Amino acid sequence: TGVRNGVKGGSGASDDDLASDVLSHYSSASENASVLDDRAGEPLDEQTAQEETEDKLKQCIDNLMDKSAKTRLAALESLRGAFSSRLLCDFLTERRLTISDCLERSLRKGGGEEQAAAATVCAQLCVQLGGGDESEEGFKILRPVLSAIVIDGCASVAARQSCASALGMCCYVSAAEDGEDLVKSMSHLESVFTTSYPNFEGTLPTPKAGTPGLHSAALHAWALLVTLCPASRLTVLHLLKLQACLESSDVNYRIAVGETIALLVELGRDIDREFEDSDMLCECLKGLATDGNKHRAKNDRRKQRSIFREVLHYIENEDFTEEKIRFGVEGIYIDSWMRRRVYDAFKEVLESGVRHHLQFNPLLRDIFGLGPPLILDSSVKASKISRFEKHLFNSAAFKARTKLRNKVRDKRADVM
């Protein structure tokens with residue numbers, strides 16, 4: 001798995017040297033990590049709270065096997081909140097097979113609401129376990145049933161939508177090195193959103209209730225997996241078909257399509273600097289960026305114009321509107337469409353807990369080039385590091401990952 005980061009500006013020293021200086025500024029003080037506050041009772045209180053949390057989680061896991069659908073659903077919602085807000089890797093590693101079996105049972109036998117909740121917990125479980133053997137082991141159990149629901153036209157739309165997002169995230173985290181799983185997962189997701197493509201006469205199908213949300217989820221999950229693909233898998237075919245979908249009647253699907261088009265153009269330009277967009281595409285984007293159609297809701301028009309101004313600006317000028325995400329004393333820069341797709345995918349799965357995981361989850365810190373979690377004393381917390389220094393630190397950290405990602409993509413090209 002890999003994402004990229006660029007650097008703006010220059011300096012006499014190399015990026016790696018400056019990054020090293022910044023990193024040394026954040027003294028890890030690992031030898032002091034085990035020292036607890038001297039205040040009476042604090043270690044005991046912390047330990048007691050940990051035990052109480054684990055007891056509640058054990059009860060939730062037991063409730064996943066309850067005969068009552070209401071009890072199982074409540075347990076899934078509790079796990080969803082816990083997995084989002086806390087890092088529970090050690091606790092879950094010991095129980096991963098039990099939880100995976102319970103989630104598989106809910107996906108196979110539960111109703112639509114239970115399936116949707118179980119799929120979300122599946123994605124969170126993979127993120128909690130990280131990208132190692134444990135996560136891949138869980139994905140092998142869950143991938144067949146997630147895929148089956150995604151392509152089942154008779155299943156609940158909400159369940160299919162949640163399973164599409166979970167399939168994309170689980171594959172991204174757990175099976176990035178497995179070309180076969182990657183291709184299969186992408187194929188299942190394509191089979192969903194390509195039903196929104198125009199027919200042979202060039203007419204867009206009339207969407208059924210709920211399908212634009214399903215198509216958006218499948219397209220976003222597919223776009224996430226595209227970032228792992230070897231260059232041979234990237235063609236202009238989807239770009240041409242997606243361009244027609246910019247005329248969709250659903251604003252959120254139009255936005256999903258626009259963001260995916262920008263991502264495909266960005267990846268295309270990475271492979272071939274002469275990659276060109278069409279004048280017709282730019283004209284269509286201009287129309288959406290200035291849309292004043294009174295038949296659309298005011299908020300929809302505002303959201304659409306904002307996104308498509310960014311898409312158009314990037315395609316015409318290769319200029320991405322940078323965004324900074326802060327958490328603790330750190331931050332990451334979202335400075336490419338690829339980086340935005342990866343961050344948005346984790347944000348969707350982890351919800352309000354995404355910043356907590358950026359601080360402490362080794363998987364996210366690895367993906368975003370942040371290194372091991374920081375252990376900071378009060379003097380480091382109070383210090384100020386310039387925006388430029390932090391940007392250089394992020395950039396240097398991403399160099400190795402970018403090189404590795406390109407090597408892996410080339411290696412997988414033969415497999416795929």
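Visitor: In which helix does Gln 128 lie?

Guide: Gln 128 lies in helix α6, residues 112-129. Helices (H or I, at least four residues) and strands (E, at least two) are DSSP runs, numbered from the N terminus. The model is predicted, so local features need pLDDT of at least 70 and side-chain atom pairs count only at pLDDT 80 or more, whereas totals for chains, interfaces and linings use all residues. Residues are numbered from 1 along each chain as its sequence is written, and side-chain values use heavy atoms, with hydrogens and water left out.

Gln 128 is buried, with a relative accessible area of 2%. Buried means under 20% relative accessible area, exposed means over 50%, and partly exposed lies in between (1.4 Å probe, protein chains only). Contact, in turn, means heavy atoms within 4.5 Å. Not counting residues up to four places away in sequence, Gln 128 touches Phe 83, Arg 86, Leu 87, Leu 88, Cys 89, Leu 92, His 357 and Asn 361.

The wider setting is as follows. The protein holds 19 helices and 2 strands, and 48% of its 416 residues count as buried. Of the contacts with a separation of 6 or more, 73% come from residues 24 or more positions apart.

The interior can be described through its nonpolar core, a set of buried Ala, Val, Leu, Ile, Met, Phe, Trp, Tyr and Cys residues joined through side-chain atoms within 4.5 Å. The largest such core has 109 residues, and those with the most contacts inside it are Leu 107, Phe 346 and Leu 358. Helix α12 supplies the largest share of this core, 11 residues. In soluble globular proteins, nonpolar side chains tend to be buried together. Leaving aside neighbours within four places in sequence, Leu 107 is in contact with residues including Gln 115, Ala 118, Ala 119 and Cys 122.

Phe 346 also takes part in the aromatic pairing. Rings of Phe, Tyr and Trp (its six-membered ring) pair if their centres lie within 6.5 Å; planes under 30 degrees apart count as stacked, over 60 as edge-to-face and the rest as tilted. A search of the whole structure finds 5 aromatic pairs. The rings of Phe 346 and Phe 368 have centres 6.4 Å apart and planes at 65°, so this pair is edge-to-face. Phe 346 lies in helix α15 and Phe 368 in the loop between α17 (362-367) and α18 (378-382), so the pair ties together parts that are 22 residues apart in sequence. Both Phe 346 and Phe 368 are buried, and together with Tyr 172 they form one aromatic cluster.

Spanning residues 298-317, helix α14 has 20 residues and reaches 28 Å from its first C-alpha to its last, close to the 28 Å expected at 1.5 Å a residue; the expected span is 1.5 Å times one less than the number of residues. Its buried residues include Arg 301, Ile 307, Phe 308 and Tyr 314. The buried residues of α14 pack against α12 (251-271), α13 (279-289) and α15 (337-350). Arg 269 lies over the face of Tyr 314, at 5.4 Å from the ring centre; a charge sits over a ring if NZ of Lys or CZ of Arg is within 6 Å of the ring centre and within 35 degrees of the ring normal.

His 313 is also found in α14, but this residue is partly exposed, with a relative accessible area of 32%. Its contacts, leaving aside neighbours within four places in sequence, are with Glu 318 and Asp 319. The side chain of His 313 makes a polar contact with that of Asp 319 (3.2 Å). A polar contact is a pair of N or O atoms within 3.5 Å; within protein, one must be able to donate a hydrogen and the other to accept it, and residues adjacent in sequence count only if both atoms are side-chain atoms.

Glu 318 follows α14 and lies in the loop between α14 and β1 (323-327). Although Glu 318 is not a glycine, its phi is positive, about 55°. Most residues other than glycine have a negative phi. Glu 318 is partly exposed, with a relative accessible area of 41%. Glu 351 likewise has a positive phi of about 55° without being a glycine; its place is in the loop between α15 and α16 (354-360), and at 33% relative accessibility Glu 351 counts as partly exposed.
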